[in-house]
Amino acid sequence: MPPLSPAAVVPVAAAPATGPAPSQADLLAFVRRAATDAVLIASLPLDPEGRTWVRLTGPGGSEAWLIGWPPGSGTGWHDHADSVGAFVTASGELRENALAARLPTDGWKTLELSDGVDRTRRLTPGQGRGFGRHHVHEVLNESPARHAVSVHAYYPPLPRIRRYSRTGQVLRLEQVERPEDWS
């Protein structure tokens with residue numbers, strides 16, 4: 001995730017990086033706990049022009065982020081490659097549009113999606129979800145006036161993000177980003 005504002009490491013109670021890899025449930029429990037930390041949430045600088053984020057110390061070597069969403073902002077369609085993840089809304093409201101379909105992981109540029117694969121969730125404070133590898137979604141703050149804040153965690157740390165465009169039922173791979181692209 002490319003920083004729009006300077007990233008800082010904020011310690012959040014987490015399991016050490018030794019031991020078994022964190023599960024989707026572990027990540028969801030972590031983001032739920034972090035989303036209730038009022039001091040942490042209030043520490044995030046909010047920018048009216050773009051998303052802001054701060055890196056957190058996630059459980060078991062996971063990658064975690066506190067993200068601020070100005071009114072009308074969103075991620076666009078993307079996935080997190082081979083990482084499992086979780087996110088929870090801490091303040092405001094977010095909308096997640098997701099595909100309930102397993103897509104091929106490589107070797108394609110354009111796919112025609114079947115009818116009935118779209119899922120939409122409205123996530124108010126305390127609501128969130130865990131997701132598996134190759135989960136394709138977009139996250140939006142549709143409020144015209146209010147910021148939203150959320151907490152996200154991924155394991156293994158993001159090896160890449162694939163970005164897509166979507167027109168109707170056609171999904172097109174537009175870009176593959178890697179961590180070295182984000183610094």
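Where is His 80 found? I looked this up before anything else. His 80 is in the loop between strand S4 (77–79) and strand S5 (84–91). The model is predicted, and I kept that in view for every entry.

**Confidence**

I checked pLDDT next. The protein chain averages 89, and 90% of the residues score at least 70. Over residues 1–16 pLDDT stays under 50, although the model has 43 contacts beyond four places in sequence for this stretch. Where pLDDT is low, the predicted coordinates should not be read in detail.

**His 80**

Is His 80 buried or exposed? I find a relative accessibility of 4% for His 80, so this residue counts as buried. I then listed what His 80 touches, not counting residues up to four places away in sequence: Phe 131, His 135, His 137, Tyr 154, Leu 158, Pro 159 and Arg 160. I also took one C-alpha to C-alpha distance: His 80 and Tyr 155 are 9.7 Å apart in space and 75 residues apart in sequence.

**Aromatic pairs**

How many aromatic pairs does a search of the whole structure find? The search finds three. One of them, Trp 108 with Tyr 164, is stacked, at 5.7 Å centre to centre and 5° between the planes. Trp 108 lies in the loop between strand S6 (94–99) and strand S7 (110–112), and Tyr 164 lies in strand S12, so this pair ties together parts that are 56 residues apart in sequence. Trp 108 counts as buried at 11% relative accessibility, and Tyr 164 is buried with a relative accessible area of 7%.

I went on to Phe 131 and Tyr 154, both of which had come up as contacts of His 80. Phe 131 lies in strand S9 (residues 128–131) and Tyr 154 in strand S11, so the pair ties together parts that are 23 residues apart in sequence. Phe 131 and Tyr 154 are buried. With Phe 87 they form one aromatic cluster.

I also noted a charge over a ring: the charged end of Arg 51 sits over the ring of Trp 69, 5.0 Å from the ring centre.

**Strands around S12**

I followed Tyr 164 into its strand. S12 (residues 161–167) pairs with S4 in the antiparallel sense over three bridges, and Trp 77 stands opposite Tyr 164 there. S12 also pairs with strand S13 (residues 170–177), again in the antiparallel sense, over seven bridges. In that pairing Arg 166 stands opposite Leu 171. S12 and S13 form a hairpin with two residues between them, and Gly 168 in the turn has a positive phi of about 60°.

**Nonpolar cores**

Which residues of the largest nonpolar core touch the most other members? Of its 20 residues, they are Val 31, Ile 41, Leu 56, Leu 66, Val 149, Val 151 and Ala 153. Elements giving two or more residues to this core include helix H1 (24–35), helix H2 (38–43) and strand S11 (148–155). H1 provides the largest share, six residues. Another core, of 14 residues, lies apart from it, with Trp 53, Ile 67, Ala 148 and Leu 158 among its members. I looked up Leu 66 as well: beyond its neighbours within four places in sequence, its contacts include Leu 40, Ile 41, Trp 53, Leu 56, Val 149 and Val 151.

Methods: Residues are numbered from 1 along each chain as its sequence is written. This is a predicted model: local features need pLDDT of at least 70, side-chain atom pairs count only at pLDDT 80 or more; totals for chains, interfaces and linings use all residues. Side-chain values use heavy atoms; hydrogens and water are left out. pLDDT is the predictor's confidence in each residue, from 0 to 100. Contact means heavy atoms within 4.5 Å. Helices (H or I, at least four residues) and strands (E, at least two) are DSSP runs, numbered from the N terminus. Buried means under 20% relative accessible area, exposed over 50%, partly exposed in between (1.4 Å probe, protein chains only). A nonpolar core is a set of buried Ala, Val, Leu, Ile, Met, Phe, Trp, Tyr and Cys residues joined through side-chain atoms within 4.5 Å. Two strands pair if DSSP finds at least two bridges between them. Rings of Phe, Tyr and Trp (its six-membered ring) pair if their centres lie within 6.5 Å; planes under 30 degrees apart count as stacked, over 60 as edge-to-face and the rest as tilted. A charge sits over a ring if NZ of Lys or CZ of Arg is within 6 Å of the ring centre and within 35 degrees of the ring normal.
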